[in-house]
Every structure is written in C-alpha cells, then in structure tokens.
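Subject: Structure handover

Hello,

I am passing on the structure we spoke about. My notes on the backbone and on one helix follow below it.

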Amino acid sequence: MFIIKKFISLLLVFSLALSVVACSQKNNSSNTNLSQNKQEVIEKREYNYITGKPFADGENKTERPVAVMIDNNKLALPQSGLESADLIYEMVTEGGITRLMAVYSNLSKVSIAGPVRSARDQFVQFVLPLNAIYVHIGTSIYANDMLNFYHYQDIDGLYLGVTSFDFDKAQSAYKPHEHCWYTKSNLIQDGINATAINTSGNLYPAFNFADYKKGPVSLKNAQDATEISFRFSSYADAAMHYNANDGKYYKDSFGAPQLDKETGTQVSFDNFFLLNTNISLYPDGLCTNFDLSQGDGYYFYGGKYIPIKWRKGLPENPLVITDENDDVIEINPGKSYVAIIDSSMLEHLSISGAVQEVEQSSEIKNPA
C-alpha cells in the first residue's frame, strides 16, 4: 500500500511538472512572438513610446520609462508630478479609493512625484508591457506575488526607505504620515544604483500610435464630447472638460479641478480612455481583482469620442484598442489618461453633446 501511494504521489508531481513546463513554454512562445511584433514596430518608426511624439533632442532612446504610484485619497490632494507625467492610469483599490500610476517616458521628467503609495497587481499588469521601472512604497500580497513571479526588479520604499524617498515633515504636521512621502529623479537613481536595475532595455509602445509626421488622425463617426463625468465608486468621482483652445481635456477629481502642487495648474490630457470591466474582490475581501482580459469603452480626443473595444489578456501583454469591428485603431500622439471602471459604474457616466448616443444607449446619461 505504501509503495502504491508513493507511486501515485510521484505520478501527480510528474504530471504537475509537465503542466507547468507546458504552460511555461506556451507563455514563453507567446511572449517571444509578442516581443518580436513589438520590436518590428520599433525598428520601423522611432518615437517616444509613451507619447507617440518624436524624441526630444538628446533624449536617450533606450532609456526605460518610470512608473510611480501616486496617492489619490482626498487627504493627499494636491499631488505632485501629475502634470509632468506622460501617461496616467487610474483604478480603484480598497474602500472605493482610487490610486494613480504616473508614467514618465524618462527619469529626468520626475522632478518630484507623490505622495507615493503602495503597489497593486492591476497596475503591475500595465507596468510589465511597458518595461517601466516601478516605484512604490509597499505592495499588496497579490502585487508582490506577481512581481516575484516575473522576477521584476522595482524601487520599493519598504526596503529602500530614505535612499529613494523624502518625508515631508512640514506636511506631516497636518496630514497622516502615509500621505507625506515623495520621490524625485535623483532619489530614484539612488535606488536604481542600490538595486542594480538596468535602465536600458526593450521599449514597447503604450498604444498603436498614429505617425506623428502625418498629423492627427480624425476619429471616424465620432460624436461630440466636451463634458464627461463618471465615477469609480461612491467615494471617487471624476470629470473631464474639453478646452477647444488647446485641444486638451482638463480633469476634475472629487468635484474640483485636480491640480498639480508643483505647477498650480489643472492636470490635462490629449487622449482620454474610459474602459470598463468586471471588478471583484480577492479572497481577502479587501483587495480589488480586475478582469483585464477584454472589455468595452470610449476613446476621447479633440472634443470627440467613439465607442471602442479593448483587450489585454496575460499580465505581460500590452493594452490593445480596437473599434467595434475589432480592428486596431491608431491613437493620436500626446499625453494620455486611462481610467478603468467597473461595468456597474456606467450608469453614472454622462457625456454632453452626444444627443444621438444618449437616445440610443442607456449607458450614457444626458446631464441635467
């Protein structure tokens, strides 16, 4: 009996090993093909892979971008470093509070950023395809597991402390300490040196950018979109206001302009993506679990918008934006904002100027 049980145990272990190897080979094959496809894009066109714009004079074309986790609790406002970021993702974390991930195309753009908060796995899944240097203070267990699985080196304040982060003592007199930690380029560089992170590597476009040499691409069959309001939760709301003078969308948060503490200006974007998916809770009943396989959404640019589809899949896979016929669309170069909300929050979505869409879709509410 003992020999039989031992044989069965060994057989199970062997079967599991084969499954792991098979999955690994499948993923490695997928990653290799993905990397080859991305590399082909890079070799054909040279541009800033986060903005789609031409490189600035003297800009290092092989330098990896930097992604910093930014606090978005009401007590954290105003934040620093949002206006200088090239790309921002916003998603809900715990208790309906959202967090921002500010992506900078190169380290020199991080003059100061914060308050810096902890990592979440939904953000890690956007860090990986960008090959960005990830900067945060602490992690959820799910984010930590994902970083470990991919052997992904990061700048974590729990281990590096004041090597890579500054504590604002004056601000701590009237704010909780977790809202008082900041970072900047030289501090991140110190963390890079301490952890021996390679700052050069394969660079992958954030989107399928249109060729900047040919000018902006018009959105086909687009509707007007000058005022957009939406919610992440009962706690966190947001809005976008289009300014025809400069062609940018200006962001509100919690019913007021979202300002950058360093510049005193309202945060603005060229591209705005509102994506929806199913968001649940992990078994801990606290951390949010995002379905990032695929979904629907909207792409806003130049005071117009179109319905879109999106897909991602594996954590290391890039975000792909398509039209309703599943054809990949070109994204205009510029600074971008990506908001991912739960599908149940669509009932709070309001887009002004889109009378035809309001009449046809219960998902879009006409503002009073």
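Helices here are DSSP runs of H or I with at least four residues, numbered from the N terminus. The model is a predicted one.

Just after α2, Asn131 has a positive phi of about 55°.

One is Asn221, at about 55°; Asn221 sits in the loop between α5 (185–195) and β8 (223–224). The other is Asp326, at about 70°, in the loop between β19 (320–322) and β20 (336–342).

How exposed are Asn221 and Asp326? The relative accessible area of Asn221 is 76%, so Asn221 counts as exposed, the cut-off being over 50%. Asp326 has 44%, which lies between 20% and 50%, and is therefore partly exposed.

There are also cis peptide bonds to note. One runs from Leu77 to Pro78, with omega near -10°, and Pro78 is in the loop between β1 (66–71) and β2 (87–92). Another joins Gly114 and Pro115, with omega about 0°. Pro115 belongs to the loop between β3 (98–104) and α2.

As background for these entries, most peptide bonds are trans, and most residues other than glycine have a negative phi.

Regards

Definitions and conventions. Residues are numbered from 1 along each chain as its sequence is written. This is a predicted model: local features need pLDDT of at least 70, side-chain atom pairs count only at pLDDT 80 or more; totals for chains, interfaces and linings use all residues. Side-chain values use heavy atoms; hydrogens and water are left out. Helices (H or I, at least four residues) and strands (E, at least two) are DSSP runs, numbered from the N terminus. Buried means under 20% relative accessible area, exposed over 50%, partly exposed in between (1.4 Å probe, protein chains only).
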